Amino acid sequence: MTVAAVILAASPASALADADGTPAVRRIADAASAGGATPLVVASFDPDGAVAVALATSEVTLVDPVDPSLGPVGQIVHGVHAAVSLVADTDGALVWPARMAWVDAETVTTLIATWGEDRAAVIRPAYGGEPGWPILLPVRHLATFAALAPDRMPGDLFDDLAAAAVPARLVETGDPGVIHDTSTARTDLPPYDGPPEPADGHAHEWGLAEADDPDDAPVTGPARLTMPPA
């Protein structure tokens, strides 16, 4: 199975927001990659190239968002379409607002492994019972999701999807980053407990190959993808 990460930035400022000394989108991309998500898509306007600079050396594809009149649902669908265009067998996507930069790589692994056991369900992380982000959306439900109202906010869209009888599952992650965005300093986060147990009982090593790359390796990424409106 292939699960993408679709990172959504409402503006270059939100993409580049400080996350403990690292631009938010870069911190998210690194966590997503280390946790096993691929491909990685960042949807953000980038008029002066600053977002691309922040993502340099990462295996990320940068796409322009669609017209704001299409609403959050249009942006999410556009990002998922971009991921599928990059890897045709992408069958799930982590919908990830750029403000949620404190999510741990282990949480990504937990969400993907949990979804592997229940691939019809939307998988949402929680901390202390409170639902958070990113949310794993199965591509099989994308058409139903795309039909939702453009004036609905992202969290409401997933409530609407559940109301449309799409199964959903809340997964306790022990990760405060799923409910606290960059308006909370990393040092002020509640304790990280980690998931109660690995979702599949296996210790993953996704992303470790990147850590072995030498510091002087050739600079790569991000690629740029021009997509027609969703």
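Mentor: Terms before anything else: helices (H or I, at least four residues) and strands (E, at least two) are DSSP runs, numbered from the N terminus. The expected span of a helix is 1.5 Å times one less than its number of residues. This is a predicted model, where local features need pLDDT of at least 70, side-chain atom pairs count only at pLDDT 80 or more, and totals for chains, interfaces and linings use all residues. Residues are numbered from 1 along each chain as its sequence is written, and side-chain values use heavy atoms, with hydrogens and water left out.

Trainee: OK, how far does α5 reach from its first C-alpha to its last?

Mentor: 19 Å, close to the 18 Å expected at 1.5 Å a residue. Helix α5 covers residues 105–117, 13 residues.

Trainee: Which residues of α5 are buried?

Mentor: Among them are Val108, Leu111, Ile112 and Trp115. Buried means under 20% relative accessible area, with a 1.4 Å probe and protein chains only.

Trainee: Switching to aromatics. How many pairs are there?

Mentor: Two. Rings of Phe, Tyr and Trp (its six-membered ring) pair if their centres lie within 6.5 Å; planes under 30 degrees apart are stacked, over 60 edge-to-face, the rest tilted. Trp133 and Phe158 are edge-to-face, at 5.9 Å centre to centre and 80 degrees between the planes. Both are buried.

Trainee: And how do Phe145 and Phe158 pair?

Mentor: Tilted, with 5.2 Å between centres and 45 degrees between planes. Phe145 lies in helix α6 and Phe158 in helix α7, so the pair ties together parts 13 residues apart in sequence. Trp133, Phe145 and Phe158 form one aromatic cluster.

Notes
Buried means under 20% relative accessible area, exposed over 50%, partly exposed in between (1.4 Å probe, protein chains only).
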